[in-house]
Amino acid sequence: MTDREIKPPLFFILALSLAACDAGPNPSSGPQVRDSAGVHIVENSGPRWPDGRDWRLSAAPLLDIGAVDADPEYQLFQVAGALRLSDGRIVVANSGSSELRFFDADGTFLAASGREGGGPGEFEDLLWLERLAGDSIMAYDWRQRRVSIFDPHGRFVRSFDLHFIIQAGGFPTLVAPLGDGSLLVSLEQTFVGERRAGLRRDTTLYLHCDTQGAVLDTIGRFPGGESFSFMEGESWIGGGVPFGALAQAAVQGAGFYYGSSDSYEIGYHAADGTLQRIVRLDRANLPVTADDIERFTQQSLARARDERRRQIRQRMFARMPWPETMPAYGEFKVDEEGKLWVAEYRRPGDDQPRWQVFDRDGALLGLVGTPPRFAIHQIGPDYVLGRWRDALDVEHVLLYELVKP
């Protein structure tokens, strides 16, 4: 690897900015917990970490993989996942080359597995990566709807597909393996029933599948994301609603968290869908302002790949009813100790990622910030691993120490 002018982000400034952030709740001695028909309800008003005891990432990364001016093995493109194995090796799902790339604990390239194609151990749209027991690796190819298993050294073991699930109508996504190795699969069902113009909210069907992908149980339907569509001539035009509600899910042990993001309420469900716990935070959703709409519109139009797409987006934004408030939160992550990390939903132009951390019982611990343009892929007991884009949009995989005072 070679030196570069653009260095990974130093992080000591972030701790100062978080202290002044108005998004965090006030300190609290702990949540109020009550029982309702066998469901534990955890009401949080503020974090439990005292001032100065918040977790934080190290000022600089411990490891940086990725460069634009190095050997091809270090040039990353469309990183879809990254894992740290028990011996310190790093596995990167480099979707742009349809490979799993293996690096040692110092970031030196070791080997690669996979290539583009439809055969065993090959990928067409590598989307997702997960570490299994014994450091086996599970990878999901969204386009082929195929799950592939590799041994700790990248040798292909077996695969199975989820094509039969598509017959239920929708787009299957592997959420994560449950604690016993079985799988939680979501099936986003958009435009179920008669299609009609306007604002609508479809459902997400969650399924419990075995280690071969066969359905063990239909867990149930949950509220999905919001969409908007309209007829123009003989064609339908539409898509997701900016600032619209977004469903989130993440596996923890033998069950899973689900939240609709309508309010700051997150449910923990057993594998059969039984609701066991509700986690709440006393916090109002951010209002959608005219400035938010203008910023989002300009950013979206600037990202359009061509003039036709730009014009379609303009017409959609002109007709669409904008939400009054933003979602209560963003994506979910569960760390290796079972704690739930909930991303704060940010206004357009807010580049500072922030995560609320809840313990296994649903008590809010506190706020953790990560560098701008850093996407978390794995949270270990003392590290955070993820993808970062530098100012030139070059992708890196960075490993930070997770400091716990």
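What do the buried residues of α4 pack against? The partners are β16, β17 (235-240) and α3 (290-303), going by contact (heavy atoms within 4.5 Å).

## Ground rules

This is a predicted model, where local features need pLDDT of at least 70, side-chain atom pairs count only at pLDDT 80 or more, and totals for chains, interfaces and linings use all residues. Residues are numbered from 1 along each chain as its sequence is written, and side-chain values use heavy atoms, with hydrogens and water left out.

On confidence, pLDDT (the predictor's confidence in each residue, from 0 to 100) has a mean of 90 for the protein chain, with 90% of residues reaching 70 or more. Residues 12-25 are another story: pLDDT stays under 50 there, and the model has 22 contacts beyond four places in sequence for that stretch. Where pLDDT is low, the predicted coordinates should not be read in detail.

## Helix α4

Helices (H or I, at least four residues) and strands (E, at least two) are DSSP runs, numbered from the N terminus. With 13 residues, α4 runs 19 Å from its first C-alpha to its last, close to the 18 Å expected at 1.5 Å a residue; that expected span is 1.5 Å times one less than the number of residues.

Ile312, Met316 and Phe317 of α4 are buried, where buried means under 20% relative accessible area, exposed over 50%, and partly exposed in between (1.4 Å probe, protein chains only). These three cover an arc of only 130° around the axis, so they sit on the same side of α4; the arc is taken from the directions from the helix axis to the C-beta atoms.

## Salt bridges

The whole structure holds 24 salt bridges, each being a side-chain nitrogen of Lys or Arg within 4 Å of a carboxyl oxygen of Asp or Glu. Glu232 lies in strand β16 (residues 215-232) and Arg315 in helix α4 (residues 307-319), so the pair ties together parts 83 residues apart in sequence. Glu232 is partly exposed at 26%, and Arg315 is partly exposed at 30%.

Glu344 and Arg354 pair up at 2.9 Å, N to O. Here Glu344 is buried at 6% and Arg354 is buried at 9%. Finally, Arg34 and Glu43 meet at 3.5 Å, N to O, and a network of salt bridges links Arg34, Glu43, Glu265 and Arg280.
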